[in-house]
Amino acid sequence: MDHTYTSKKMGGNWNHCRLLMLLFLTVLQPGLSTDGEEPELDDDDNRVEISCAIVGPDYVTVGVPSSVECLSNCKACTFSMSLDSQRAQGQGSVLAFTVSSWVGVLTVTCTAAEDGKGGSANATKKLQVLDGPANVSITGPSLLHQSVSHTYSCHAQCRPSCTYAWRTDEGPWIGGQGNVLSITPQEMDKSKTLLCKATNSVSGLFVAATQNITVTYGPSEMQINGPDVMSISEKQQFVCSAECLPSCRYMSSVNSQTVRGNVMEVTVDHPLKSVTLKCEAQNTASRKKATVTKTIHISGSFRSVSSRPEESSVLLAFILSAAHTVTALHYGSSLL
């Protein structure tokens, strides 16, 4: 006896599933390979959309070489780039340039074209144009007076703006005071070196300017150089000197007789007890004055006595150091 059972309901459903599967395979047949390998997909179905972007700084500085690069996701692309609508060819995906004048903003454009397939992408980037610092200079007096405040200002060509820092001699850089600085030299200062550093507020580029300044000094350490004792009818030279910056002018005198210059030649023709020399120095810049005196003692005998002692005199010859001229002065003297 045959013990095989067939269910009509289950058997009908299975036949229906087989028919649906055959239909599904028939529809997919063009996409299947006969040897069981994975089929190749059509290029149009697998194409990735091309995109590109410009990589580089957000700003450029006038006179400073700069560059930007165009990047794309395509494997074989031809790039063309332009700077404010001026094409730059032959540089591939890199655009190198130097801005010669300030224009505010530049626009860089890149086009990436897929070789042989017609696809392309575009990208743009705005670049802020900076200028400077350039032509940095310090304005202020070339001479400083001790214990007097003097003002200096620093100027630079700079866009959008610059910050300023100052340094005096070997001291630290001091900022936050803008482009103006006040200096008060000390008593012993003879010179100052002033530096100003201008820094572009966006790029951080900086340029420094230097100014060497003379500090007025003196007159000090004054003295009259020459012998302390001289004989009758003997000619002696006396020179007045002083420490002075930038320079001093001199007035030399014996008693009430005064001439310009710091060199004196003195001859005594009467047996006086002494002669007093006086020298005044004045700083040509600060107008500050100082005076020194020197007493010369007279020794020896009188060789040619005047018939009237009250008419005897001291002969003084002053040599002006600048003009090299001689002025002879006589004045009456009495015996001391």
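Which cysteine does a disulfide join to C240? Select C279: the two are joined, S to S 2.0 Å. Bear in mind that this is a predicted model.

Stay on this pair. C240 sits in strand β17 (residues 235-245) and C279 in strand β21 (residues 274-283), so the bond ties together parts that are 39 residues apart in sequence. Look along the S-S bond. Its torsion is about -90°, so this disulfide is left-handed. C240 counts as buried at 1% relative accessibility. C279 is buried as well, at 0%.

Next, select C70 and C110. Their sulfur atoms are 1.9 Å apart and form a disulfide. This pair also links distant parts of the chain: C70 belongs to strand β3 (residues 66-72), C110 to strand β7 (residues 105-114), and 40 residues separate them. The S-S torsion is about -85°, so the bond is left-handed. Both cysteines, C70 and C110, are buried.

C52 counts as buried, with 15% relative accessibility.

Move on to C74 and C77. A disulfide joins them, with an S to S distance of 1.7 Å. C74 is buried at a relative accessible area of 15%, and C77 is buried at 16%.

Finally, zoom out. The whole structure has six disulfides. Counting bonded cysteines along the chain, the pattern reads 1-4, 2-3, 5-8, 6-7, 9-12, 10-11.

Conventions: Residues numbered from 1 in each chain as written. Predicted model: local features only at pLDDT ≥ 70, side-chain atom pairs only at ≥ 80, totals over all residues. Heavy atoms only, no water. Disulfide = S-S within 2.5 Å. Helix = DSSP H or I, 4+ residues; strand = E, 2+ residues; numbered from the N terminus. Buried < 20%, exposed > 50% of the residue type's maximum accessible area, 1.4 Å probe, protein only.
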